[in-house]
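Please open the model in your viewer and keep the selection tool at hand. The stops below proceed from one selection to the next.

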Amino acid sequence: MLVYPPEGHKTDSKEIFILGSANLSCLINDSAIALEKNGNFCKLIQLKLGENKIQINIDGKSFTRTVYGVLNINNNPNPIAYAQPYRAFTKQANSNNGRVAERTSSGNILQSILISNKDISIPLNVLPDYRLEKINAYHYRLDLGIMEQDLDWIHYSELNPEIKIEQISDTIFDIKFQKPIINHKIKFKNQVLNISFTFSELPLLVCIDPGHGGSQIGAISPKGIFEKDLNLSLAIKLAAELNHQGVKTILTRDHDTEKSLSERVKISQKNKCTLFISLHHNALPDSRDPNKESGFSCHYFHEHSYRLAKFISFKLKSSSSQNFAGIYKQNLHVLRENPDTISVLIELGYLIHPLESELLCKKSFQTKTARILAKALLEFHRNQNFLNESSINALKT
Ligand SMILES: [Zn+2]
């Protein structure tokens, strides 16, 4: 009988002993094992990273036992991630003593990627000529260089991963993060390329950007109210609401002054703001009928900002009588040039719409909107790791 290891056993050890007893004979991976006089045997065998199928034959009865070699069981007490057998990892020696031959270094075959919430591990034969490029704090790109690719195992050790990878080509991957990255470390040890990331733990600091100002009046209501003034009064209300909840805020302008778009972005970046929200009220070009278009819309540019645009949309939608005009990816300066933060622009409604403008100019509407936005920002920040697409969709019901 075989008493150890149990089926499905996981270990970060590079070896494991096979323990049992037999009446007549025992073969492990087709090699005969010497039995003690009492029939007992204990044989140490080498393990590969990933799945090891050990062929056992006791007294003529064959069966398989599967053992998983994992990277580091101490740091990951409940691992769900294993690499598939890495065929270049070890080369079984054709010998009776069961020793494992020298590891081959005849090139790299990409077979598995393991992703935890702080690092990515890729078993490889030799350190590849890789390139890791930071696109922004939420997005890196890893190019593993030219190698043979037989990738069939990408595994996440967490249910709500903070790190996700997307395969761009055979050996190029986009690495995307839920929280901004401030640092990363790369090491190549024991034939594993490991990239560990340090997430920013910056406190919530909201940059509020009231659109336009000074000579740039923005849209105008049928009663002659300027967008720049509505944007500012809403921004001040939103700041007060957030401050009241203990959240620090920075305004790109706190009075009627002209600020360039790049100055606005600089204020956000210089202060290392966690969230950026630009407030606007909408208009239409000449060719369109202001009676026919109304409602609020949320805009983003970088993918990592989409979740906030969606979350704010959901929050406004569920507590407003306004039409929801949609979420749009927009190539706008304040969104595009502020890639290291989560940046959105909200058009709260059409200031040129005859009916909607009445609502937008009401102080009570602004107070209510400021409250909804403050709540949404706070809630988003608290839960952002869990606010994936499906959980936001689930909130709707
Ligand atoms: Zn505007």
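Asn29 sits in the loop between strand E4 (26–28) and strand E5 (31–32); helices (H or I, at least four residues) and strands (E, at least two) are DSSP runs, numbered from the N terminus. The phi angle of Asn29 is near 45°, a positive value in a residue other than glycine.

The model is predicted: local features need pLDDT of at least 70, side-chain atom pairs count only at pLDDT 80 or more, and totals for chains, interfaces and linings use all residues. Residues are numbered from 1 along each chain as its sequence is written, and side-chain values use heavy atoms, with hydrogens and water left out.

Next, select His212, in the loop between strand E18 (205–210) and H1. His212 is not a glycine, yet has a positive phi of about 65°. Its relative accessible area of 22% makes His212 partly exposed.

Now display the zinc ion. Which atoms coordinate the zinc ion? They are His212 (NE2), Glu227 (OE), Glu227 (OE) and His280 (ND1), at 2.1 to 2.8 Å. Donors are N, O and S atoms within 2.8 Å of the metal (3.2 Å for Na, K and Ca); water is not among the atoms, so sites may look incomplete. Along the chain, the donors of the zinc ion follow the spacing H-x14-E-x52-H. Glu227 in helix H1 (residues 227–244) and His280 in strand E20 (residues 275–282) are 53 residues apart, a pair that links distant parts of the chain. Glu227 is buried, at 3% relative accessibility, and His280 is buried as well, with a relative accessible area of 11%.

Why is the arrangement around the zinc ion irregular? The 4 donor atoms subtend angles of 51 to 142°, and therefore the arrangement is irregular. Four donors count as tetrahedral if all angles lie between 85 and 135 degrees; four count as square planar and six as octahedral if opposite donors are over 155 degrees apart and all others between 65 and 115; anything else is irregular.

Move to Ser268, in helix H2 (residues 261–270). Ser268 counts as buried at 2% relative accessibility. Leaving aside neighbours within four places in sequence, Ser268 is in contact (heavy atoms within 4.5 Å) with Cys207, Cys273, Phe276, Asn338 and Thr341.

Then select Arg141, in strand E12 (residues 139–143). Arg141 is partly exposed, with a relative accessible area of 29%. Leaving aside neighbours within four places in sequence, the contacts of Arg141 include Leu132, Glu133, Ile168 and Asp174. Arg131 is another of these contacts; the C-alpha atoms of Arg141 and Arg131, 10 residues apart along the chain, are separated by 8.0 Å.

Leu44 counts as partly exposed, at 49% relative accessibility.

Finally, show the whole protein. The secondary structure comes to 7 helices and 23 strands. Of the 397 residues in the protein, 48% are buried. Among contacts in the protein with a separation of 6 or more, 67% are between residues 24 or more positions apart.

Conventions. Buried < 20%, exposed > 50% of the residue type's maximum accessible area, 1.4 Å probe, protein only.
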